[in-house]
Amino acid sequence: MNRREFLELAAAATVLSATGIPSTANAQKSTDVIRIGIAAGGPRTSDPNFTTQGSDNWATEQMYEQLVRPEDGDFATTPDKYVPTLATEWKSSSDAKTWTFKLRQGVQFHKGYGEMTSEDVVFSYKRAMADGTNKTIMSNVADVVAKGPYEVDVVLKTPDVNLLGTTIFSNNTSIVSKKAFDKIGAEKFMTDAVGTGPYELTRFDSEWGEAMKRHEGYWGTKAKIAGVECVFIADTTARTLALLSGNVDMIEAVRAPGWVDSMLQRDPTLQFDMTQPGSFNTLHINLKRKPFDNLKVRQALMYAIDRHAVADALKPMGGFMAGLQPDFFPAGFKTEDLPPELQYKPDPAKAKALLAEAGFPNGFDFDSNCSQREDYASTMLIVQEQLRGVGMRMNLKIGDHTAYHADNRSDKNTLAMHSSSYPPIPTQLYFQQLSSKSEAKPDGKGGGAYSHYGVVMPGIDDLLSQALQATDYNTYLELCKKIELQVLRDLPLIALSSLSFTVARNKRVNLGYPVKSGYARWRFHRATKTA
């Protein structure tokens, strides 16, 4: 089924649903294929070294593997929870700068390209170091060295007690076939990369999507369903109707208030898979914009925002975070475990008093930008209303999502909401959103730290440097907790909510495992499907 046929079917379903007649005549009934509707216009690449669009990762997750990975449907919250994948065992030097991996023997690449060896691992890592999309993390890798056909050393410039999560379990460090790359060539490899995963690519169409078939030579338990199709349907209505009509088995959800309830009203048998925490929805307070350079104003803002109400408005996808990390992540806090003055329970009266102390007894007006994307707009409209209640009158300018991010990076915002997914490695968020090295610049060439923390006032750079240099995990965690507390004192950045990555799924499909946590992608090799 091509893209045009999908949209025509969706249009037909609209007419039929208006009359109350379900559109199932042309529904996909095959138990041999799982079809997922992806919320984007089309795939960009099947090469895991170059994926920048999250939607592409649904396909790469099926086709490629790393040396280690978490259990299906979860994050590994501590280093000991990663499971052997293409590596069977590993160890770290005492200074956490050299990691040795023993490779699984007999692993076969797709399409007859032979056995995976250390040559392929070295090739994959050095390619990621040279031109991958995650150069910030890969920049700490000094070298990757083969020690015979089934063993490699990953040598680091500085210690990394979290290497398994920061670098090893990454799209860029998925293992691809060097022999296939040499034969196919770099250009074709972008849309026909060869991996070791439970499914191999059979079709790449930049408008329709990607199709895969079961890898019969897979080293582990073979996939139960013969094929997977990732069909790109950017239009929300068309994607929803494709699920309701049975033409896809699951879709990426619309992460907006009320969407899950509205879907259940139309089909109460639908299943919803949700990751916890999903996205971290943070709010950067631009310390260069008056009056937000005043701590009392920032404290007033914190007391004015009812973060529980923000999370509740997004339920069942929304979640509360007392600090920048969920409480079940390393360095996360429960509210009751924080010092009382850092709990910031909603208190409009206290917010007004703080504003008066700061010289604004009648409040003040200010402009701020927001993306039109559903999760951004719905969240910031709630924040706007809460701030208005204490006299902080935000003129919210809602516009194009891509332009919004460009403006944030060019330092054109006052209160900048940001939504990103992070693994249970707190220093990743700190570096990207709080480090002075990531400060946003007027020329747009800076990073994602829109508050200018550590530049206009002392920040967490020293603590972050110590955490990144830690050679044991407990020391690392203690330093991260100190960062959490300092950020709650200084308030350059606050956590508005978490927001689960969600998939709506037809009851005919059983994934074979529960989705608890993890990135916005999961594997289908254990799934089954009934007629």
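What covers the buried residues of α9? The answer is taken up in point 2, after a word on how the model should be read.

1. This is a predicted model, in which local features need pLDDT of at least 70 and side-chain atom pairs count only at pLDDT 80 or more, while totals for chains, interfaces and linings use all residues. Residues are numbered from 1 along each chain as its sequence is written, and side-chain values use heavy atoms, with hydrogens and water left out. Helices (H or I, at least four residues) and strands (E, at least two) are DSSP runs, numbered from the N terminus.

2. In helix α9 (residues 259-266), the residues W259, V260 and M263 are buried, where buried means under 20% relative accessible area, exposed means over 50%, and partly exposed lies in between (1.4 Å probe, protein chains only). They cover an arc of only 95° around the axis, and therefore lie on the same side of α9; the arc is that of the directions from the helix axis to the C-beta atoms. As a general point, an α-helix has 3.6 residues a turn, so residues three or four places apart point the same way. The cover over the buried residues of α9 includes α8 (236-244), β11 (250-252), β12 (271-274) and β19 (502-505), contact being heavy atoms within 4.5 Å.

3. Four strands make up an open sheet with the order β14-β18-β13-β17, and their pairing is antiparallel; two strands pair if DSSP finds at least two bridges between them. Strands β14 (318-319) and β17 (415-421) stand at the edges with a single partner strand each, so one side of each has no neighbour in the sheet. Within the sheet, β13 (residues 279-285) and β18 (residues 493-499) run antiparallel and are joined by six bridges, and N281 has S497 in β18 as its bridge partner.

4. Helix α15 (residues 426-433) lies across β13, β17 and β18, and runs at about 35° to β13. For this angle, axes are lines fitted to C-alpha atoms, for helices over the stretch in contact, and angles run from 0 to 180 degrees between N-to-C directions.

5. Two cis peptide bonds deserve a look in the loops around these elements. One joins K290 and P291, with omega about 5°, and P291 lies in the loop between β13 and α10 (295-304). Another runs from K315 to P316, with omega near 5°, and P316 is placed in the loop between α11 (307-313) and β14.

6. Positive phi values also call for attention. K111, although not a glycine, has a positive phi of about 60°; this residue lies in the loop between β5 (98-103) and α3 (118-131) and is partly exposed, with a relative accessible area of 38%. D411 is not a glycine either and has a positive phi of about 60°, but D411 is found in the loop between α14 (401-409) and β17 and counts as buried at 17% relative accessibility.

7. S410 also lies in the loop between α14 and β17, and counts as buried at 17% relative accessibility. When its neighbours within four places in sequence are left aside, S410 is in contact with K441, P442 and G444.

8. The structure holds 20 aromatic pairs, for which rings of Phe, Tyr and Trp (its six-membered ring) must have centres within 6.5 Å, with planes under 30 degrees apart counted as stacked, over 60 as edge-to-face and the rest as tilted. F292 and F366 form an edge-to-face pair, at 5.1 Å centre to centre and with 75° between the planes. This pair links distant parts of the chain, 74 residues apart, with F292 in the loop between β13 and α10 and F366 in strand β15 (residues 364-371). F292 is buried, with a relative accessible area of 0%, and F366 counts as buried at 9% relative accessibility.

9. Y376 and Y404 form an aromatic pair that is likewise edge-to-face, at 5.7 Å centre to centre and with 75° between the planes. Because Y376 lies in helix α13 (residues 374-388) and Y404 in helix α14, the pair ties together parts that are 28 residues apart in sequence. Y376 counts as buried at 1% relative accessibility, and Y404 counts as buried at 3%.

10. One aromatic cluster is formed by F75, F169, F280, F328, F329, Y422 and Y519.
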